[in-house]
Amino acid sequence: MKKVNLNDNWYNFLTSEFHRPYFEQLKLFVTKAYESNMCYPPGKEIFAAFDECSFDKLKVVIIGQDPYHGEGQANGLCFSVKDPTPHPPSLMNIFKEISSDLDLPYPNSGDLKRWATQGVLLLNATLTVEANKPGSHQKKGWETFTDAVIQKISSDKENIIFLLWGGYAKAKAKLIDKQKHYVLTSGHPSPLSANRGFWFGNKHFSQCNAILKKLNKTPIDWR
């Protein structure tokens, strides 16, 4: 990651972060990591969450933690996988909740670009990971960057819906101005949380669309 490739609107919005000393160190770390080891997602997809979601049409932010660390899975969008990768357990539970909440069929594709292009920022707190080593790129600077993204969205935008699933994501609520934005919280869709009753039935997808309709915005097609 010798340079950051983002569309102009996102780049201009975040340019101050790219010139801070921590980000220069982060770029060096990521560049060396990708040269030395197999890392995910592919280099050109590190910033896919921003590339696939229009800055001007941003409506919803979903926060994940780490990219998937298995071969052929991560595509730069949290919870999303490349086709025809089998759906990981958390994604399966997300789709099950959508099916129940909105009475929709379970989707075949686990690639969530179809959400991103409608204005859903699928943001992992850490944007890269070494193969088969979950959490290996945590505390290298990514969290500083993505926290800054959340704070800047909070300060510069209005009426964004933040979906915070699980304790890690819920901790980001302190970065969000709840007078200007909507924050929906729930347990994590992982089996450990979902099977204990902390995920299913949260109805976040219908709630999200109800808010968008109230704001005279086009609802998200969650199929």
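Where is lysine 203 found? I looked there first: lysine 203 sits in the loop between H8 and helix H9 (204–214). My helices (H or I, at least four residues) and strands (E, at least two) are DSSP runs, numbered from the N terminus.

**Ground rules.** I am working with a predicted model, where local features need pLDDT of at least 70, side-chain atom pairs count only at pLDDT 80 or more, and totals for chains, interfaces and linings use all residues. I number residues from 1 along each chain as its sequence is written, and side-chain values use heavy atoms, with hydrogens and water left out.

**Entry 1: two lysines and their phi.** I stayed with lysine 203 and read its phi as near 55 degrees, a positive value in a residue other than glycine. Most residues other than glycine have a negative phi. Lysine 203 comes out at 42% relative accessibility, so it counts as partly exposed.

I then turned to lysine 139, in the loop between strand E4 (129–130) and H6. Its phi is near 60 degrees, again positive in a residue other than glycine. Lysine 139 counts as exposed because its relative accessibility is 78%.

**Entry 2: the cis bonds.** I looked at omega next. Most peptide bonds are trans. The bond from tyrosine 40 to proline 41 is cis, with omega near -5 degrees. Proline 41 lies in the loop between strand E1 (39–40) and helix H3 (48–52). Aspartate 83 and proline 84 are also joined by a cis peptide bond, with omega about 5 degrees. I found proline 84 in the loop between E2 and helix H4 (89–102).

**Entry 3: the whole protein.** I stepped back and noted nine helices and six strands. The radius of gyration is 17 Å, close to the 17 Å that the globule rule gives for 223 residues, so the protein is as compact as a globular protein of that length. That radius is taken over C-alpha atoms, and the rule is 2.2 Å times the number of residues to the power 0.38. The C-alpha trace spans about 45 × 35 × 25 Å along its principal axes.

Of the 223 residues, 53% count as buried. I also checked contacts (heavy atoms within 4.5 Å). Among those with a separation of 6 or more, 64% come from residues 24 or more positions apart.

**Entry 4: the parallel strands.** How many bridges join E2 to E3? I noted five, with the two strands running parallel. I call two strands paired if DSSP finds at least two bridges between them. In this pairing, glycine 64 stands opposite asparagine 124 in E3. Strand E2 (residues 60–64) also pairs with E5 in the parallel sense, over three bridges, and there valine 61 has phenylalanine 162 as its bridge partner. E5 in turn pairs with strand E6 (residues 182–186), parallel and over five bridges. Leucine 164 is opposite threonine 185 in E6.

Five of the five residues of strand E3 (residues 120–124) are buried, so E3 is largely enclosed by the rest of the structure. I see Val120, Leu122 and Asn124 buried on one side of E3, and Leu121 and Leu123 buried on the other. Strand E5 (residues 161–165) is mostly covered too, with five of its five residues buried. On E5, one side carries Ile161, Leu163 and Trp165 and the other Phe162 and Leu164, all buried.

Entry 5: Isoleucine 153 belongs to helix H6 (residues 142–156) and is buried, with a relative accessible area of 1%. Leaving aside neighbours within four places in sequence, I found isoleucine 153 in contact with residues including Leu58, Val61, Leu121 and Phe162. Its C-alpha is 9.9 Å from that of leucine 14, which is 139 residues apart from it along the chain.

Is proline 189 buried or exposed? It is buried, at a relative accessible area of 0%. I located proline 189 in the loop between E6 and helix H8 (191–194). Beyond its neighbours within four places in sequence, its contacts include Phe79, Pro89, Trp165 and Trp199. Proline 189 and proline 89 are 100 residues apart in sequence, with 8.1 Å between their C-alpha atoms.

Notes. Buried < 20%, exposed > 50% of the residue type's maximum accessible area, 1.4 Å probe, protein only.
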